[in-house]
Amino acid sequence: AGAGGQEGFAPRYWDCCMPHCSWPEHGGSAKTCDAKGKTPIGNTNGSFCSGGQGTTCTSQIPIIVSDKLAYAFAATPGNDATCGKCFALTFTGQGKYETKANHQALKGKTLVVMASNIGYDVQGGQFDIMIPGGGFGAFNGCSQMGWNIPQNTTTYGGLLSDCEKEVGYSGDLLSKRKKCLTEKCNSAFSSDPQALEGCLFQSKIGSASCRERV
């Protein structure tokens with residue numbers, strides 16, 4: 001993250017690991033939960049991804065406020081001391097790798113994110129939004145969640161990236177990708193209504209470009 005007005009982009013992830021910012025030495029600004037992601041526990045138990053007990057709480061899914069505003073948690077670059085800081089991301093309607101109808105539909109919408117994690121594979125200007133089914137990234141601590149995410153799901157990009165490959169890159173992509181994603185979310189999170197709600201958020205937000213405002 002940088003100064004207000006910086007151009008950036010917002011992909012997605014959910015690795016279930018204990019967030020960096022929940023560790024006491026990093027301020028404890030994000031809470032952590034047990035291996036099921038439901039019951040808050042102390043932040044001295046260590047991350048499930050490194051032999052401890054702490055995971056990401058599924059209560060940290062994105063929240064839609066209105067057609068123009070939503071809230072979420074995000075990972076920022078590993079060398080940024082941003083734990084607990086909030087950023088307003090206003091979408092430009094342009095995609096990072098492509099610009100299709102689903103990216104254009106986001107133009108002018110704002111996502112307010114709180115930095116709850118870091119990633120050494122997160123680039124400058126990148127806000128990696130926490131969305132169930134958004135891809136595990138470098139780690140996968142979701143084994144005890146009871147979810148049904150396919151083993152061959154794209155590591156970076158998750159269910160939505162799988163849908164992009166399956167439906168192709170032409171035609172009414174807004175409708176086709178939304179239909180595919182809805183089916184995949186319902187299958188993966190049928191046992192977890194909270195995680196399902198978070199996954200379906202992806203039908204409204206994708207890997208799009210944004211302008212950061214502190």
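## Helix 2 and its surroundings

The buried residues of helix 2 pack against strand 2 (12-13), helix 3 (173-188) and helix 4 (193-200). Here buried means under 20% relative accessible area, exposed means over 50%, and partly exposed lies in between (1.4 Å probe, protein chains only). Contact means heavy atoms within 4.5 Å, while helices (H or I, at least four residues) and strands (E, at least two) are DSSP runs numbered from the N terminus.

A word on the source: this is a predicted model, where local features need pLDDT of at least 70 and side-chain atom pairs count only at pLDDT 80 or more, while totals for chains, interfaces and linings use all residues. Residues are numbered from 1 along each chain as its sequence is written, and side-chain values use heavy atoms, with hydrogens and water left out.

Let's stay with helix 2 (residues 158-167). Seven of its 10 residues are buried, so the rest of the structure largely encloses this helix. Those buried residues are G158, L159, L160, S161, D162, C163 and E164. After helix 2 comes G168, with a positive phi near 85°.

How does helix 2 meet helix 3? The axes of the two helices come within 9 Å and cross at roughly 130°; axes are lines fitted to C-alpha atoms, for helices over the stretch in contact, and angles run from 0 to 180 degrees between N-to-C directions. Residues of helix 2 in this contact include L159, L160 and V167, and those of helix 3 include L173, L181 and A188.

Next come the salt bridges, of which the structure holds six. A salt bridge is a side-chain nitrogen of Lys or Arg within 4 Å of a carboxyl oxygen of Asp or Glu.

| Pair | N to O distance |
|---|---|
| K109 and D67 | 3.4 Å |
| E164 and R177 | 4.0 Å |
| E183 and K179 | 2.9 Å |

E164 and R177 are both buried, and together with E98 they are linked in a network of salt bridges. D67 counts as exposed, at 55% relative accessibility. In helix 3, E183 and K179 are four residues apart, or about one helical turn. E183 is partly exposed at 46%, whereas K179 is exposed at 52%.

Two loop residues complete the tour. C16, in the loop between strand 2 and strand 3 (32-33), has a positive phi of about 70° although it is not a glycine. C16 is buried, with a relative accessible area of 0%. S47 lies in the loop between strand 4 (40-41) and strand 5 (63-64) and is buried too, at 6% relative accessibility.
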